[in-house]
Amino acid sequence: MPTKTDCVPEPRCSVARSLQVLGERWTLLIVRDALAGLTRFADFRDSLGIASDLLTSRLNALVEAGVMERRPYREPGARVRHSYHLTPAGQELVTVLASLQQWGDVNRPHEEGPSMWSRSRSTGRTVRVTFVDDEGTPVPREDVDLVFLGT
């Protein structure tokens, strides 16, 4: 028998579809920690201070959505466990997190300053998230319109 959610059409809006996967606070914090190199359940739990059942739920949702993948591993003498690794789709979220970090540094600054910054691996120079047009020319935020085509 179909459930109520089976009858709800997929939103046309890509923001709404993205928020179906990423719209819960813990989800982006898990992705943040994965981008920082964490892969093991206990490490995510300890870093975030999240309850195990909630972490399990979030990791399962990220795997189901194709943002992360499970990989089995075994410590000597222990049972098989799974580590969690970002897929290419998950790695693309670095732009989302860097943008949120930039916004937070300006609009919700901490008295001790930023907790992270973005830099180029090749040059070591600080980088920022910005808009560029289809020819690669930077466009100021004030000159960007979001053109809604329907939801």
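**Exercise 1. In which helix is the place of alanine 89, and is alanine 89 buried or exposed, or partly exposed?**

Solution. The model is predicted, so that local features need pLDDT of at least 70 and side-chain atom pairs count only at pLDDT 80 or more, while totals for chains, interfaces and linings use all residues. Residues are numbered from 1 along each chain as its sequence is written, and side-chain values use heavy atoms, with hydrogens and water left out.

Alanine 89 has its place in helix H5, residues 88–91, where helices (H or I, at least four residues) and strands (E, at least two) are DSSP runs numbered from the N terminus. Its relative accessible area is 42%, and alanine 89 is therefore partly exposed, the class between buried (under 20%) and exposed (over 50%), with a 1.4 Å probe and protein chains only.

**Exercise 2. Determine how H2 packs against H6, and which residues make the contact.**

Solution. Two packed helices are described by the angle between their axes and the distance between the axes. Axes are lines fitted to C-alpha atoms, for helices over the stretch in contact, and angles run from 0 to 180 degrees between N-to-C directions.

For helix H2 (residues 25–35) and helix H6 (residues 94–107) the angle is about 110°, with the axes 10 Å apart. H2 is therefore roughly perpendicular to H6, given that 65 to 115 degrees counts as roughly perpendicular, under 35 as roughly parallel, over 145 as roughly antiparallel and the rest as oblique.

On the H2 side the contact (heavy atoms within 4.5 Å) is made by Leu28, Val31, Arg32 and Leu35, and on the H6 side by Val94, Leu97 and Leu100. Sorted by class, this contact holds six nonpolar, no polar and one charged residues, where Ala, Val, Leu, Ile, Met, Phe, Trp, Tyr, Cys and Pro count as nonpolar, Asp, Glu, Lys and Arg as charged, and the others, Gly among them, as polar.

**Exercise 3. Find over which rings the charged ends of arginine 25 and arginine 40 sit.**

Solution. The criterion asks that NZ of Lys or CZ of Arg be within 6 Å of the ring centre and within 35 degrees of the ring normal. The charged end of arginine 25 sits over the ring of tryptophan 26, at 4.5 Å from the centre of that ring, whereas the charged end of arginine 40 sits over the ring of tyrosine 73, at 4.1 Å from its centre.

**Exercise 4. Locate glutamate 92 and state whether this residue is buried or exposed.**

Solution. Glutamate 92 is found in the loop between H5 and H6, and with 58% relative accessibility it counts as exposed. From C-alpha to C-alpha, glutamate 92 is 14 Å from glutamate 69, the two being 23 residues apart in sequence.
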